[in-house]
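Dear colleague,

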Amino acid sequence: MDITPEEAARTLAQVDETQRRVLRAAPPMFPAWYPVAVWTFVTGIQFVTEIPPTWWLLVAVPALTAGLTFAVLKFVRDVRDTKLRPHSSVVDPWAWVGFTAWIVGTSLASLPLAVWFVALDIAYPRTTMGVIMTVVMAITSPLLARWMSGRTARRAERAERVKR
Amino acid sequence: MTPRLDPAIHAPTRLQIVSLLAAADEAEFAFVRDNLGVSDSVLSKHASALEAAGYVKIRKGHVGKRPRTWFSLTGEGRAAYTGHVAALQAIVAQSGLSVLPG
């Protein structure tokens, strides 16, 4: 099979263009609703252990656990059935660093927030912290998922510019 | 070993499909079709040929009640793509050309 160098160069350029286009069109890196569901569960646990009578736990904890189990199963199915899951070789490692920092940072921030609310003598401090963190998740999750996809697309474009 | 052009993925549409899948763990039929600008029948034909060559794995499932199809490269397909691209790069490098804009 013989092709000219010009044809080979044009073919390589098309390969790169296809990959760049696909990564730009890729859906967000993870379903943004999932961290919100996890924090809704956490908030629910704080609520039932802080506010209602103790016997509520017998009903609420299994119900919340069932809800979280459903969310985990739906998350796995959504990730598996997404339009495109980028291959690990094309994902910007800094996107995962940012994701990890976000998970660890928000989780750690919730603890001093709850302690601070206790110190301020706010009614239902853990539940209040949970509601705030759920709102924080609802606002930041979609931004983070899009940022991760954007970084990956920009990395593909930068790699192409370096080659040229 | 010198990289060689692979006739199974040399055709432009097949190489486009394989390059798209090389950037993905898995990609859905409609996403591939829309991004490559090919018809359902063209994509089905090439995907089946690539599956027969052992380069592409096809998974069928449902989203809600709608049937869906996903493609992914097999290890063999990924190796063939890497070898094919390396062969193209070698041809370009020998000539002193750089990659042309698409």
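Chain A contains five helices and one strand. Read from the N terminus, its elements follow the order α-α-α-β-α-α. The radius of gyration of chain A is 22 Å, well over the 15 Å that the globule rule gives for 164 residues, so the chain is more spread out than a compact globule. Along the principal axes, the C-alpha atoms of chain A fill a box of roughly 80 × 30 × 20 Å. Of the 164 residues in chain A, 27% are buried. Among the contacts in chain A with a separation of 6 or more, 80% join residues 24 or more positions apart.

Please note that this is a predicted model. The predictor assigns the complex an ipTM of 0.88 and a pTM of 0.86. For chain B, the mean pLDDT is 92, and 94% of its residues reach 70 or more. Where pLDDT is low, the predicted coordinates should not be read in detail.

Turning to the interface, the contact draws 31 residues from chain B and 29 residues from chain A. On the side of chain B that touches chain A, two or more residues come from each of α1 (7-10), α2 (12-22), β1 (24-28), α3 (29-36), β2 (56-63) and α5 (75-95) of chain B. The most is given by α5(B), with six residues. This side of chain B comprises 18 nonpolar, nine polar and four charged residues.

Strands also pair between the chains: β1 (residues 84-86) of chain A and β1(B) run in the antiparallel sense over three bridges. Within this pairing, L84(A) has A27(B) of β1(B) as its bridge partner.

With kind regards

Key: Residues are numbered from 1 along each chain as its sequence is written. Chains are lettered from A and ligands numbered from 1 in the order in which they are written. This is a predicted model: local features need pLDDT of at least 70, side-chain atom pairs count only at pLDDT 80 or more; totals for chains, interfaces and linings use all residues. Two residues are in contact if their C-beta atoms, placed from the backbone, lie within 7 Å. Helices (H or I, at least four residues) and strands (E, at least two) are DSSP runs, numbered from the N terminus. Ala, Val, Leu, Ile, Met, Phe, Trp, Tyr, Cys and Pro count as nonpolar, Asp, Glu, Lys and Arg as charged, and the others, Gly among them, as polar. Two strands pair if DSSP finds at least two bridges between them. pLDDT is the predictor's confidence in each residue, from 0 to 100. The radius of gyration is taken over C-alpha atoms; the globule rule is 2.2 Å times the number of residues to the power 0.38. A residue is buried if 20 or more other C-beta atoms lie within 10 Å of its own, exposed if 12 or fewer, and partly exposed in between; C-beta atoms are placed from the backbone.
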